[in-house]
Amino acid sequence: MSEEFSEIQGGGSLILAWQIRNKRVLVVGGGEVAAGRILNVLNADAKVTVISPRSGLNPEVAHRIDKGQVTYHDRKFEPSDLDNVDMVLTAIDDPAASTVIWKLCKERKIAANIADVPPECDFYFGSVHRDGPLQIMVSTNGNGPKLASIVRKQIAANLPVDIGAAVQKVGMLRKKLRKVAPDIEEGPKRMGWMSRVCEEWSLEELVEMDEEDMDKLLGFYRPDSVPTFEEVRLGDQAGDYAFDGSFGWWI
C-alpha cells in the first residue's frame with residue numbers, strides 16, 4: 001500500500017512567525033500604510049525609527065511619535081539611515097525613490113518590504129487577526145490584499161469569543177505539566193498528551209477552563225488517557241479525588 005504525500009503547489013511564500021523583538025526596524029513614510037506597518041512591528045516589540053517629513057504624517061503615526069513609541073526624523077530618506085538596521089519598510093508615493101531604497105537594501109543584505117511593489121519585497125504583510133498570543137495571518141502573496149482581509153474576517157467570525165485566553169491557558173497548562181512530569185524522557189509523552197487535550201476538548205471548553213480545572217486535569221495525567229471536560233468538572237464533586245499539592249497529583 002503506497003503512502004499519499006502532499007502535492008507541491010509552488011508559487012507561495014514561506015509563512016513564518018518572525019521574531020523581531022529589539023530588532024531595529026526602519027519605516028520610510030508616514031501615511032496610512034506606514035501607520036499599519038508601524039503598528040505591526042511595534043506589536044512584535046521591535047525598535048522602530050520613522051523617516052518622513054512632518055507634513056506627510058498620518059494622525060496615527062503622529063500620535064506614536066508624540067507618545068515616544070518610535071524614534072522620528074522629520075526629513076526624507078538618506079542612505080546613512082540604513083546603518084545598523086535589521087529590516088526596512090517603505091510606504092511612500094514615489095516608485096523611483098522606493099526602488100533606490102530597495103537596491104540599497106539588497107547591497108547591504110537587509111530584508112525589505114516595498115509597499116505595493118511585490119517584486120521588490122523579501123516578505124509580504126498578510127491580513128492578521130490578533131487575540132492575545134493568537135495570531136492568524138492570511139496571505140495572497142501580493143495578489144489581493146483586500147481579499148485577504150475578507151477571508152481573515154470570515155475566519156475570525158467563526159472563532160469562539162476569547163480564544164486568545166484559551167491559548168494562554170494551554171500555555172499555562174503546559175508549564176504545569178512539566179512540573180508534574182519533569183523527566184526529559186517524558187517529553188514526547190507530554191507533547192502527545194497535550195495534543196490529545198487540544199484535540200479532544202472543544203475550543204469553547206478550553207476557553208472556559210480555569211486554573212482549578214488545570215490542576216484537576218493534571219491529576220488524571222496518564223500518557224494514554226485524557227478525561228473529558230465534564231469528568232474534570234464533576235470528579236471532585238463525586239468525592240473521587242483529593243489534591244496533593246506537593247506533587248501536583250490527584251490521588
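Let me start with a definition: a residue is buried under 20% relative accessible area, exposed over 50%, and partly exposed in between, with a 1.4 Å probe and protein chains only.

Hello everyone. What you see is a predicted model, so local features need pLDDT of at least 70 and side-chain atom pairs count only at pLDDT 80 or more, while totals for chains, interfaces and linings use all residues. Residues are numbered from 1 along each chain as its sequence is written, and side-chain values use heavy atoms, with hydrogens and water left out.

Let's begin with the sheet. Helices (H or I, at least four residues) and strands (E, at least two) are DSSP runs, numbered from the N terminus. There is an open sheet of 5 strands with parallel pairing, in the order β3-β2-β1-β4-β5. At its edges sit β3 (71-73) and β5, each pairing on one side only. On average, neighbouring strands are turned by 15° against each other, direction ignored; the axes here are lines fitted to C-alpha atoms, for helices over the stretch in contact, and angles run from 0 to 180 degrees between N-to-C directions. Two strands pair if DSSP finds at least two bridges between them. As a reminder, strands of a sheet pair through backbone hydrogen bonds, either parallel or antiparallel.

Take one pairing in detail. Strand β4 (residues 87-90) and β5 run parallel and are joined by 4 bridges. Which residue of β5 is the bridge partner of T90? That is I114.

Over in strand β2 (residues 47-51) we find K47. K47 touches N22, K23, R24 and V25, leaving aside residues up to four places away in sequence; contact means heavy atoms within 4.5 Å.

Now the pockets. On a 1 Å grid over the protein atoms alone, a cavity is a set of points where a 1.4 Å probe fits but cannot get out, whereas a pocket is an open set with protein on both sides within 12 Å along at least five of seven lines; lining residues have an atom within 4 Å of a point. Points are joined across faces, edges and corners, and a volume is the space filled by probe spheres set on them.

The largest pocket holds about 1700 Å³. Its lining has 49 residues, and Y124, F125, G126, V128 and M137 lie nearest the centre. Two or more lining residues come from each of α1 (32-43), β5 (111-114), β6 (127-131), β7 (134-138) and α4 (145-157). Which element gives the most? It is α1, with 8 residues. By type, the lining has 25 nonpolar, 15 polar and 9 charged residues. Here Ala, Val, Leu, Ile, Met, Phe, Trp, Tyr, Cys and Pro count as nonpolar, Asp, Glu, Lys and Arg as charged, and the others, Gly among them, as polar.

The second largest pocket comes to about 480 Å³. Of its 25 lining residues, G29, A91, I92, D93 and D94 are nearest the centre. Here α3 gives the most, with 5 residues.

Finally, those aspartates. D116, in the loop between β5 and β6, has a positive phi near 65° without being a glycine. Is D116 buried or exposed? D116 counts as exposed because its relative accessibility is 74%. D162, in the loop between α4 and α5 (163-180), also has a positive phi, about 65°. At 45% relative accessibility, D162 counts as partly exposed.
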